[in-house]
Amino acid sequence: MIYFDNSATTKPKKEVLDTFYKVAENYFGNPSSVHHLGLQAENLLSQARNQIATLLKTDEQEIIFTSGGTEGNNFIIKGVAEKYRNRGHHMITTMIEHPSVLNTCIQLENNGFDVTYLPVDETGRVRVEDVKRALRKDTILVSIMHVNNEIGSVQPIEKIGELLKNHPKTLFHVDHVQGVTKVPLDFHESNVDFASISSHKFHGLKGTGAIYIRKGLKLAPLLAGGGQERGFRSGTENLAGIVAMAKALRLGMLDYEAKIDTMMDVRDFLINELQLIEGVKMNTPKQNTSPHIINFSVQGFKAEVLVHELEQHGLYVSTTSACSSRTNEPSRTILAMGLGEERATTSIRISLSFDNTMEEAKQAVAIIKQSIKNLKPVMRG
Amino acid sequence: MIYDQILVRYGEISTKGRNRGLFVDKLRENVQYVLRDFPRIKIKANRDRMYIILNGEKLDEVCTRLKNVFGIQSFSPVVRVNKDMELIKESSLKLFQKLHAQGKTFKVQARRADKEFPYHSDEMNNLLGGHLLQNIEGLTVDVHHPDLELKVEVRKDAVYLTCEVIKGAGGLPVGSSGKAMLMLSGGIDSPVAGYMAMRRGLLLEGVHFYSPPFTSERSKQKVIDLGKKLAGVNGQFILHIVPFTEIQQLIYEKVHENYAMTIMRRMMLRITDEIRERQEGLAIVTGESLGQVASQTLDSMFTINEVTNTPIIRPLISMDKTDIIKIAEDIDTLEISNRPYEDCCTIFTPAQPKTKPKRDKANQYETHFDFEPLLQKAVNHIETIKLSSQDENQQNVFADLF
């Protein structure tokens, strides 16, 4: 099996599962309990928070645990809308965000907010000038992803952060779900106010994530209740998942140090080889792109059919993002890049992990070539 | 990297006459300690200045740590150059290019500490300024509010170039004024008092009174976490945890409610003084602020203080609560102190504590029971923990989980 669908989710690491199991078995106390078992659980929780904060170069007070990327994005955008609605009713985002951002914005529009959806250029990047032009006196939030989940384009977060320095009333949220452990981002230095990450994208487990909230900022809670997470996010903490996430993040960053060059080599090899195949068009841009995502279209081939054919040969990839592939919609990102309906409905995404090898890449290319050959008579017929 | 070393300017140390050697040694020790996990760093300290040679270690990280070290007035990342005018010109230009000087304003300020150097300050200002103006596009001079200020110091051994002066924490090097015990309750005031005492060069050890089951394990954890924050100042902090349940229970049995708090404080002070003697300290530091609570009225202090003639240092004595809170926020202890657990001061608080307790009355109550053996027992059963800011010696049972 060659698993090339790591942006959908990753396989949990053995060490991470071990941690999950041990914590769930031995430290089952509720961190809010007053007795010793509670204290032990609380200490574990704070050590996990400390480790994650250090790895992300933030302060431990700036990390709040959530159930994952979708909750994180909902929490931040709705939380800002609720908390800062007296400042204004305008938000800025892009046309290529993850559905957990886009659909949250649509919900807010129905609640009287005004949202500007910025276009992107032909390489899938938002232009800083566009952000600048869209800013209004009543703009309370700019929400822009770091790494696009469909084609891997990296957004100019540092430059937008620089721009927003002059707009202290406008807060800045970055969906860092695809970026974390693959494309470094310093929240403090980039003037980022909020960011979200999700554990299962870096070999942790589903159901755990975290958000970063810059010190001093407030956010209306999405979940009310017992006041866990300093009142930001109620609900008994998923301690085993959180400690496992702390470990996964540490190992992920070590992997980055040791294997980023290999990952880039594998990506470059795939791009170069795939481009040579007749009918293949690369959707992933040449520059400002993440090392782990490769998106291409095969002219005339319905993406879903090709994915199933590749699967027959043990190669797992996806059509655009896993979240929208179920509804069989064209890729929103590719449409926004202006590459047309045909490219958007025929796009295939390969997404790598640090464990993928050059050998796998070579096999994958052979499988893709063979599958296209097999299907050609049918598709063109 | 542009800079290869950091020049450290001493604060008040510079005025300390004959003690200076001691102060510089302490500071050097403290700097070495906070930077101990940068193995390539070399520290050279002389009477006037300290130089930290980076040897490739990360400048930003080192600067962040240095900002918290007491005894440093300011510091600057510097480039060291041999005493050759051509080399100085060349390095200045390189430095400005790396700082993206195009289109900015600047001035040069040369200082010639070594009077044997053939160019005097004005000549150097002119030569270097001219050289930079000729070679960098759009650079202009502004002597009043320059974007970049190139400082050139000619010293005996070499010439040092810098464009930045970073403010240090001031004060005196921790340990240069001697050792004292800090009474640490877990509230907002005591860590602030500790911080301020450390700022004046005191090396502190914490004393905390722990009364399970009346105070929870979490209140002890709170004090440990505060201790870790204080350890951030010079790398480590020793904390003595005194088992206090028995004494506290006895006091509430034998002493009238109105005087219980006063007697309890006297016991705490006696125990702390005993620990101080064992640890060879010369003072006790507390977070008392005049009139803040019943135990901190002048009458109370007069009565409580009777049990020892060891100097009691009260850095917060004349400060308002709001100002204390501000400092607690700055040193990052406020959030820990605000955790809502009972501590040794809040528990057993009588409805009407005496605000004007008398010495003779207190002495009379203390004759009602024999507390000496209990004090000795408490002191003998102290738990002593060495805390480090970087959690290294607390590498704990959880380690394999992370």
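Chain B contains 13 helices and 15 strands, where helices (H or I, at least four residues) and strands (E, at least two) are DSSP runs numbered from the N terminus. This is a predicted model, in which local features need pLDDT of at least 70 and side-chain atom pairs count only at pLDDT 80 or more, while totals for chains, interfaces and linings use all residues. Residues are numbered from 1 along each chain as its sequence is written, and chains are lettered from A, with ligands numbered from 1, in the order in which they are written.

Along its principal axes, the C-alpha trace of chain B spans about 85 × 50 × 35 Å. Of its 402 residues, 39% count as buried, a residue being buried if 20 or more other C-beta atoms, placed from the backbone, lie within 10 Å of its own, exposed if 12 or fewer do, and partly exposed in between. Among the contacts in chain B with a separation of 6 or more, 80% come from residues 24 or more positions apart; two residues are in contact if their C-beta atoms, placed from the backbone, lie within 7 Å.

The domain assignment of chain B gives domain 1 (1–81), domain 2 (82–165) and domain 3 (178–399), with bounds that come from an automatic or database domain assignment. The C-alpha centres of domain 1 and domain 2 of chain B lie 23 Å apart, and the contact takes 9 residues from domain 1 of chain B and 13 residues from domain 2 of chain B. On the side of domain 1 of chain B that touches domain 2 of chain B, the largest share, 7 residues, is supplied by strand β4 (residues 72–81) of chain B. That side has, by class, 6 nonpolar, 2 polar and 1 charged residues, where Ala, Val, Leu, Ile, Met, Phe, Trp, Tyr, Cys and Pro count as nonpolar, Asp, Glu, Lys and Arg as charged, and the others, Gly among them, as polar.

We turn now to the meeting of the two chains. Here 8 residues of chain B are in contact with 14 residues of chain A, and helix α6 (residues 217–234) of chain B gives the most to the side of chain B that touches chain A, with 3 residues. Phe398(B), found in the segment after β15 (383–388) of chain B, is in contact with Leu44(A) and Gln47(A), when its neighbours within four places in sequence are left aside. Because Phe398(B) has 18 C-beta neighbours inside 10 Å, this residue counts as partly exposed.

Chain A is divided into domain 1 (2–8 + 259–380) and domain 2 (14–250), whose C-alpha centres lie 28 Å apart. The contact between them takes 23 residues from domain 1 of chain A and 20 residues from domain 2 of chain A. On the side of domain 1 of chain A that touches domain 2 of chain A, β10 (293–298), α9 (322–325) and α10 (332–336) of chain A each supply at least two residues, and α10(A) gives the most, with 4 residues.

The axes of helix α3 (residues 69–83) and helix α4 (residues 99–110) of chain A come within 9 Å and cross at roughly 30°. Residues of α3(A), including Asn73(A), Ile77(A) and Ala81(A), meet residues of α4(A), including Val101(A), Thr104(A) and Leu108(A), and by class the contact of α3(A) with α4(A) has 5 nonpolar, 6 polar and 1 charged residues.

Terms used:
Axes are lines fitted to C-alpha atoms, for helices over the stretch in contact, and angles run from 0 to 180 degrees between N-to-C directions.
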